[in-house]
Amino acid sequence: MAKMWAGRTAGETDRLADDFNSSIGFDCRMYRQDITGSMAHAAMLAKQGIIAPKEAEILIEGLGGILEDLNSGKLEIDLSCEDIHMFVEEVLTARLGDVGKKLHTARSRNDQVALDMRMYLRDEVDGVIARLRALIGALLVQAKANRDVIMPGYTHLQRAQPITFAHHLLAYAMMLLRDIDRFSDARKRMNVSPIGSCALAGTTYETDRWFEARELKFDNIARNSIDGVSDRDFCVEFLSSAATLMMHLSRFSEELILWSSWEFKFVELSDAYTTGSSIMPQKKNPDMAELIRGKTGRVYGDLMAMLTTLKGLPLAYNKDMQEDKESVFDAVDTLKMCLDVMIPMIETMKALPENMKAAAQKGFINATDLADYLVKKGMPFRSAYKISGQLVSYCIQNGEVLETLPLSVYRGYSELFDEDLYEDIDLTVCVKKRISEGGTSPESTDAQIAYVEEVLQNG
């Protein structure tokens, strides 16, 4: 088949080179954006008198027919074409004749592919944000249901202080809100139209780039035609946001894996999101959480691949930039898949409050409150800290816990101890006392839930 670009050369390449050069195997997913962009381009050409209005009508109708046929499956994409742009143009020309050949006036594949990528990613960002909102919603439901469930909070994976399960879940809600911000912010710079930049230098035709941008719902146009075709910062920003989101999902997955193990048994994951063992009948493996954790690495790789591809490219367009698509497409698919699994996995997760409370009671996580008790009685904090540590050591050596240790033992360390200390170190009281903004008390947690709901509602 003769190439659309035949002229300067015979348009013939080695078959292996043809396959190596081709991108239609993956850029075909942008056919909707490519056709929609071409419709706006045809309308602009007619508006500016570059082609006749009737020709624009024929082109737009023809493009609409191709889109309809592709959506219905009546038309299949020909993978022997070099890319999606050439496929659409070839089908259009075959159907319309010479009128079809006029569509590519005042544009290049360089600005066309940049346009398609921006439109494609803009759509996908909207889908990712919608999924993030749904995941945050699932976390809020669980947080409300577990507002008073006490669990140990950890540092260094060591039991540290008592918190509520709701408080812990809301930490992830805050991370995901930042992820929404990142994607939304990246979308602003993504929503800039490059069409009309042509190959790199613009065009001799008197085009209206703003008209075309408005037709395609862009907020702005690329102000420099060289930058318009060579910029892939928006891909890097998307991938960076994607990598950060995957890092958050991976951290959460790691905790779900720990929490659902027999060593913790804080939660039980639905059978729908776990698997069994081929040899050990007792196993219930958190495979979905493990896969999310594992797939984080591939999204990191997509980001590094993009940065590496771009790092040494001279301006303007280079064929290396064809490599942007597979990295972006892989990250998009991975993100959506992970979120689509994570949302129902959290919705169906069952908390096990008794196990959380039991773990909290065994970890001396009220030792800080014991020190605070002495501070309120007038002892300097460092002195109180030392005595609390000595009492914990005593409990470990004698198989005791702070809540059951006799008052006589306490008074052997300080005369400031009195009967009221037992209420102060009760885990429920320890949680309720942490009233600082952002803290773990039920009232503070309620305020956090209200904040997240407000952000979602106004976002």
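Predicted model: local features only at pLDDT ≥ 70, side-chain atom pairs only at ≥ 80, totals over all residues.
Residues are numbered from 1 along each chain as its sequence is written, and side-chain values use heavy atoms, with hydrogens and water left out. Local features need pLDDT of at least 70 and side-chain atom pairs count only at pLDDT 80 or more, while totals for chains, interfaces and linings use all residues.

Helix 3 spans residues 31-47. Helices are DSSP runs of H or I with at least four residues, numbered from the N terminus. Helix 3 has 17 residues and reaches 24 Å from its first C-alpha to its last. This is close to the 24 Å expected at 1.5 Å a residue (the expected span is 1.5 Å times one less than the number of residues). Of its 17 residues, 13 are buried, so helix 3 is largely enclosed by the rest of the structure. Buried means under 20% relative accessible area, with a 1.4 Å probe and protein chains only. G49 follows helix 3 and has a positive phi, near 75 degrees.

S22 lies in the loop between helix 1 (15-21) and helix 2 (24-27). S22 counts as buried, at 19% relative accessibility. A polar atom of its side chain lies 3.5 Å from the backbone nitrogen of I24. A polar atom of the S22 side chain also lies 3.3 Å from the backbone oxygen of E82. Beyond its neighbours within four places in sequence, S22 is in contact (heavy atoms within 4.5 Å) with L79, C81, E82 and Q322.

L132 lies in helix 6 (residues 109-145). L132 is buried, at 0% relative accessibility. Leaving aside neighbours within four places in sequence, its contacts are L176, D179, I180, F183, L245 and L339. L132 and I343 are 211 residues apart in sequence, but 8.7 Å apart in space, C-alpha to C-alpha.

The structure holds 10 aromatic pairs (rings of Phe, Tyr and Trp, the last by its six-membered ring, with centres within 6.5 Å). One joins Y373 and F417, with ring centres 5.9 Å apart and planes at 5 degrees, so the pair is stacked (planes under 30 degrees apart). Y373 lies in helix 14 (residues 367-376) and F417 in the loop between helix 16 (407-413) and helix 17 (421-424), so the pair ties together parts 44 residues apart in sequence. Y373 is buried, with a relative accessible area of 2%. F417 is buried as well, at 1%. Y373, Y410, F417 and Y422 form one aromatic cluster.

Terms used. Helix = DSSP H or I, 4+ residues; strand = E, 2+ residues; numbered from the N terminus. Buried < 20%, exposed > 50% of the residue type's maximum accessible area, 1.4 Å probe, protein only. Phe/Tyr/Trp six-rings, centres within 6.5 Å; stacked < 30°, edge-to-face > 60°. Polar contact = N/O pair within 3.5 Å; in protein donor to acceptor, adjacent residues only side chain to side chain.
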